[in-house]
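This briefing goes through a structure topic by topic. Please keep the sequence and the 3D view at hand while reading.

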Amino acid sequence: MKRVISIVLVFAFTFSVFGCSRPNRGSNESSSSTVGTKSGDTSAYEGQLPLAGEKVTLSFGTHSGHSAANPQPSNDLPVWKMFEELTNVHIDFQVIPRQSYNDVMAARLAARHDLPDIFIQPAGTSQAKLAEEGVIIAQDALYEKYGYYTKKLFAQPEYKSYLGMMKDTDGKLYGLSNITLPTVQTVCIMLNMEWIKKLNQKTPSTTDEFYNLLKAFRDKDTNGNGKNDEIPLTSVGNTVDVIGDAFGLGILPINAGSIGGLSLDSNGKIVYEKTRPEYKDYLEYLNKLYKEGLLDKNFMTTQFNKVQEYAANDLTGAVAYWSANCTDISAVSPLTTDKTGNTPVFSPILPLKGPKGVQVLYRRLGAGGDEMLISVNCKNKDLAFKWIDFIYASPQAIDTVNWGIEGLTYKVENGKKVKIETPNKLWATSVADIGGRQQPKSYIQFPEYITLSRPDWFLNVMKTFEPYYKDPQLPLPKLTMEQEQARKEVGTDIDVYVKEMTAKFIMGAEPIGNYDAYVKKIQQMGLDKLLSIYQEWYDKSVKPQVK
Amino acid sequence: MHKNRIIQANSKKTDNKFEIFIKNVVRDKELLCIVLLPFIYYLVFHYAPMCGIIIGFKNFSVSKGIFGSEWVGLKWFNQFFHSIYLFRLIRNTFLLSLYSLIFGFPIPILFALLLNEIRHKLFKSFIQTVTYMPHFISLVVVVGIMVNILSPNDGIINVWRKSMGMEAVNFLYEPSWFRFLYVSSGIWQNFGFNSIIYLAAITAVPLDMYESATIDGASRIEKILFITIPSILPTIIILLILNLGGMLSVGYEKIMLMYNPAVYETSDVISTYVYRRGVTSSDFSYGTAIGFFNSIINFILIFLFNKLSRSMSEISLW
């Protein structure tokens, strides 16, 4: 008897594990219907609010935002509360930290399980591939039917070409992406104006003058603490490559395509920037900076928060990074007179003129990033797109995102909106704090709103950049799957080699005299084959449109 | 009890192997039940996934599924073996494991032996706790601490060097430093935790052996050398064989956190190379193929060392 009981108990324990209840899935299937807005009615959709008859929940997979200073998206923020009220759509945010977003979301996509209805595309994935794998849907039909506000946006002449840029290699639209104004936010060199004043120097305009200035920063104990601890030039990862513009190279990652730099020669042939003779001159220049202690020794691995730390300790004279962050760095510097970033301690300077007289700044590509994709499993695809359309392009949403909420961040006087400033805080930050500004969804920078959030001195400086902008010759390459596989076959090793040799040339571990051997090696490794893949892409997808 | 005797009494000399097997199963059914759950676990999570190795021979696409994707035979292996970095990757993987083993293996043993000699109980527990705490710190934090300490601008080590009039050393950008930093931080983090199993083995040594050694006039050192170590030798060898079986599997997380292009020469290993290649689009097939290659090498190593151990001593895994 005892034995039977014990056997039964053992079996019971063994199999009870399998009976464990599953954790509750997200409630993305709501009991309500979308009868009120279903396409049963034949009248054209005009973006009427609310978007849903009864409250519907949509899940939205997103990252925690582009700036660590801004709050994470959540329904506690006034802006999102307002959107929910207006649209009658409750968003179930699934937030993943920005740093790990790409990896985590790519893994979830691979598992194809429990995907959010809408989610931001992780960098490095291919839309056509995801569609082919049955993960996302093409949005062309939804756009035609429900893209009320978005169509209006793209009807404007300045925005007409962006729609084409957002489509994938197969000509379909899979997600609306960021549109950024290239003229306000761009990678550039930001100089510590207070240090220049201290040393009685003027703003450098050529690469040689810049070099001399950095030397002065280093030698003259510019921060006045008696120690030789200045780091004249810092950068965040490869942002130092903006100096490459002065040498006629377009090698910054945002302009660079997946192998780090392609351009077009006069015959319409694709050229790899990192084997050009100009690249040698550039490496020589950086090597000079590095070995004389003018460039941060950690230039390949420094993160932005470390740069802010340097600025806060008054250790750095020049930062190569996104121009709009000059207000952040200025605000933490001990040399500032106010904490709102309104004093230009760090100010962007015009692009440097290189040794051959080239003085340009490659314009940032206008569209891309944060594409909002709709998953195949979304039960309310129509509503999902309507919501996207509203949030992305409706005047009401854009206004809220940029101005915030009446009574909190602005008030209306005489029919005009007036900012409500808080002391010791950038007004733009107070808008971000309630959920506005750069949200983790696709955003569009509109000229009329840019002036709201940046101090005047900054806008004036950026205006002076206008004559120097040069459009990138090529958009970001979008390869088909076969092309991508062929590219990886040859490109993986070349990528390793180029990165490694670049680091060695700059650090001086490899003498610059071996540059020719380096180029030869790359050609041996199959550079021609790699370029032919891109040439094929160019001839097929880009050239016809340029005409 | 009675039932067992009846079963045994019923077995005849002419029972074939199968019947004996069934009788054993019936006799041991309670024990088998207990083992049933772990057995199913291993079957489902370790053996069944092995079938997934076939995607290493296919061009796997998630939408086509495993059986719908086309065969490509040894394509991925070919690509990998044709990489100009093949030798370097294998060498780096192997060396990092080897150094971790040569330096990292004896230290927990030594530490356990020394710890065993301490009489003061409180002190002993305190040391034990402090030394195995780093094991529980996340790898990210450990590397973060390392990066901070080693920074050429404001890390403690270089600040001290500069105050002594020496040049700052950019540790994490010098290929020659990488192996040392990788291995020593690994040892620091894990020696305490790894020593636990040796401590357990040491406490299992019967005390009367020490007593008889004392009577024979053995010193402390002699006791360690001739009693303790031989007694825990089986544990040591088993763990050694197991560690050797992981020689070609250097985990990529720690290296990814520590490396940069300037030190690819000594830090780029098979797993980081495969990771970088696959990161642009889920390159399952390639990763599987190379992982499979890794596993084969590891298996050969375990097999060889096991055989070696069996021939040289009586101790082996199987």
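Predicted model: local features only at pLDDT ≥ 70, side-chain atom pairs only at ≥ 80, totals over all residues.

**Helix H7 of chain B**
- The buried residues of H7(B) are B:Pro108, B:Ile109, B:Phe111, B:Ala112, B:Leu113, B:Leu115, B:Asn116 and B:Glu117.
- These buried residues pack against four helices of chain B, namely H6 (86-104), H8 (121-132), H11 (175-203) and H13 (220-244).

**Interface between chain A and chain B**
- Contact between the chains involves 44 residues of chain A and 44 residues of chain B, and together the two chains bury about 3600 Å², of which 53% is on carbon and sulfur atoms.
- Between chain A and chain B there are 16 residue pairs in polar contact, counting pairs with both residues at pLDDT 80 or more.
- On the side of chain A that touches chain B, two or more residues each come from helices H1 (2-16), H3 (98-111), H4 (127-132), H12 (304-312) and H19 (481-507) of chain A, and H19(A) provides the largest share, with 14 residues.
- Sorted by class, that side of chain A holds 17 nonpolar, eight polar and 19 charged residues.

- Because A:Glu500 and A:Lys504 are four residues apart in helix H19 of chain A, about one helical turn separates them.
- A:Glu500 counts as buried at 4% relative accessibility, and A:Lys504 counts as buried at 12%.
- Through salt bridges that share partners, A:Glu500, A:Lys504, B:Arg88 and B:Glu265 are joined into one network.

**Other salt bridges**
- Over all chains, a search of the whole structure finds 18 salt bridges.
- One of them joins A:Asp399 and A:Lys417 at 2.7 Å between the closest N and O atoms, linking distant parts of the chain, since A:Asp399 is in helix H15 (residues 395-403) of chain A and A:Lys417, 18 residues apart, is in strand S13 (residues 416-419) of chain A.
- A:Lys417 is partly exposed, with a relative accessible area of 29%.
- A:Glu278 and A:Arg276 also meet through their side chains in a salt bridge, at 3.4 Å from N to O.

Note on methods: Residues numbered from 1 in each chain as written. Chains lettered and ligands numbered in written order. Heavy atoms only, no water. Contact = heavy atoms within 4.5 Å. Buried area = accessible area lost by both parts, 1.4 Å probe. Polar contact = N/O pair within 3.5 Å; in protein donor to acceptor, adjacent residues only side chain to side chain. Nonpolar A, V, L, I, M, F, W, Y, C, P; charged D, E, K, R; others polar. Buried < 20%, exposed > 50% of the residue type's maximum accessible area, 1.4 Å probe, protein only. Salt bridge = Lys/Arg side-chain N within 4 Å of Asp/Glu carboxyl O.
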